Amino acid sequence: MASLDSHVLMKLVSLFLSTLFVTILSSESQCRNFESIISFGDSIADTGNLLGLSDHNNLPMSAFPPYGETFFHHPTGRFSDGRLIIDFIAEFLGLPYVPPYFGSTNGNFEKGVNFAVASATALKSSFLEERGYHCPHNISLGVQLKIFKQSLPNLCGLPSDCRDMIGNALILMGEIGANDYNFPFFQLRPLDEVKELVPLVISTISSAITELIGMGGRTFLVPGGFPLGCSVAFLTLHQTSNMEEYDPLTGCLKWLNKFGEYHSEQLQEELNRLRKLNPHVNIIYADYYNASLRLGREPSKHGFINRHLSACCGVGGPYNFNLSRSCGSVGVEACSDPSKYVAWDGLHMTEAAHKSMADGLLKGPYAIPPFDWSCLSSMIKKKEVVGNTIFFDE
């Protein structure tokens with residue numbers, strides 16, 4: 001009997017240790033110390049790249065006041081009055097703001113590097129141009145990834161060091177893909193025509209993630225799309241007297257929001273497929289759609305005025321927006337308190353909205369699957385960084 005009890009006890013101890021070992025491995029896979037942030041995307045994450053790529057005779061609007069007035073007190077190239085989602089993520093992780101790669105001379109990228117460029121698309125610009133969708137720049141996701149790979153010798157040195165750097169980084173994949181849809185929608189192209197781009201955009205994002213996994217990437221934050229029907233620019237462009245086109249709760253255009261839902265659903269399905277293929281990798285879906293939509297459903301609950309579909313910085317019309325007189329232009333002023341507004345310039349959000357979005361990811365329910373951000377801290381190793389030549393062929 002004692003022998004049997006001893007045998008059962010040993011089995012129980014063995015089971016406990018096995019469970020503990022699996023738990024520790026699972027915890028370690030998620031609770032790792034991010035040493036840096038590597039970012040790709042468009043204007044939602046651009047911390048100054050478009051400004052760095054522009055010549056002095058053709059500066060973006062983000063180079064002029066009142067951009068940057070709230071936090072930095074001067075324009076930084078960010079398309080907002082202050083910080084972006086990526087900035088709040090960096091603060092939360094104890095990392096410095098992620099510097100733009102383009103335009104930086106002997107930049108310090110040891111704690112992060114950002115390749116996101118305003119107006120960037122997921123698909124190649126040449127592909128979109130062939131279909132009649134004009135792209136102001138050729139910095140697609142593929143180009144950003146190519147330049148990142150070219151820059152690795154200067155960012156991290158030896159291939160083994162680079163693999164460690166990528167593995168210990170939080171890789172922010174976007175937001176990217178919105179401009180692939182924005183450009184044709186601004187041209188009033190049919191919905192069915194734009195919808196044909198969705199599987200191509202999703203496939204491009206998936207391929208980039210897969211390539212980065214092969215390079216050592218272990219943790220990805222992949223944002224979905226925004227509710228396009230709540231965009232001040234599209235609300236202005238697609239104004240209609242047919243009130244059935246609008247969501248009575250938010251005032252947003254229902255058909256455009258359904259399109260945003262479709263993109264987000266397709267992206268989530270693809271991320272689920274990637275998770276099954278790469279069980280050792282954390283792939284977190286950032287639900288930008290619902291994190292943003294809640295601000296329109298209950299603006300006062302989140303500290304915003306009820307006129308949430310009006311731009312803080314703009315002029316004219318029911319939404320305080322005019323494409324020909326945009327924020328940053330002479331004579332176009334910002335509201336007195338941007339923190340009360342969701343929309344900054346009609347195309348981008350205020351710092352307050354970016355913060356609310358980031359809080360929803362880091363402290364709320366908009367990271368899928370749930371991720372324990374609270375266990376993370378930064379452990380940064382110093383590296384020497386030098387400049388690098390940039391090539392833009394796709």
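These exercises work through a predicted model of one protein chain.

Local features here need pLDDT of at least 70 and side-chain atom pairs count only at pLDDT 80 or more, while totals for chains, interfaces and linings use all residues. Residues are numbered from 1 along each chain as its sequence is written, and side-chain values use heavy atoms, leaving out hydrogens and water.

**Exercise 1.** State how many helices and strands the protein chain has.

Solution. Helices (H or I, at least four residues) and strands (E, at least two) are DSSP runs, numbered from the N terminus. The protein chain has 13 helices and six strands.

**Exercise 2.** Compare the span of helix 11 with its expected span.

Solution. Step 1: helix 11 covers residues 254-277, which is 24 residues.

**Exercise 3.** Decide whether Ser356 is buried or exposed, and find what Ser356 touches.

Solution. Step 1: Ser356 lies in helix 13 (residues 351-362). Step 2: buried means under 20% relative accessible area, exposed over 50%, and partly exposed in between (1.4 Å probe, protein chains only). Ser356 has a relative accessible area of 11%, so Ser356 is buried. Step 3: a contact means heavy atoms within 4.5 Å. Not counting residues up to four places away in sequence, Ser356 touches Arg294, Leu295 and His302. Step 4: Ser356 and His302 are 54 residues apart in sequence, and their C-alpha atoms are 7.7 Å apart in space.

Terms used:
The expected span of a helix is 1.5 Å times one less than its number of residues.
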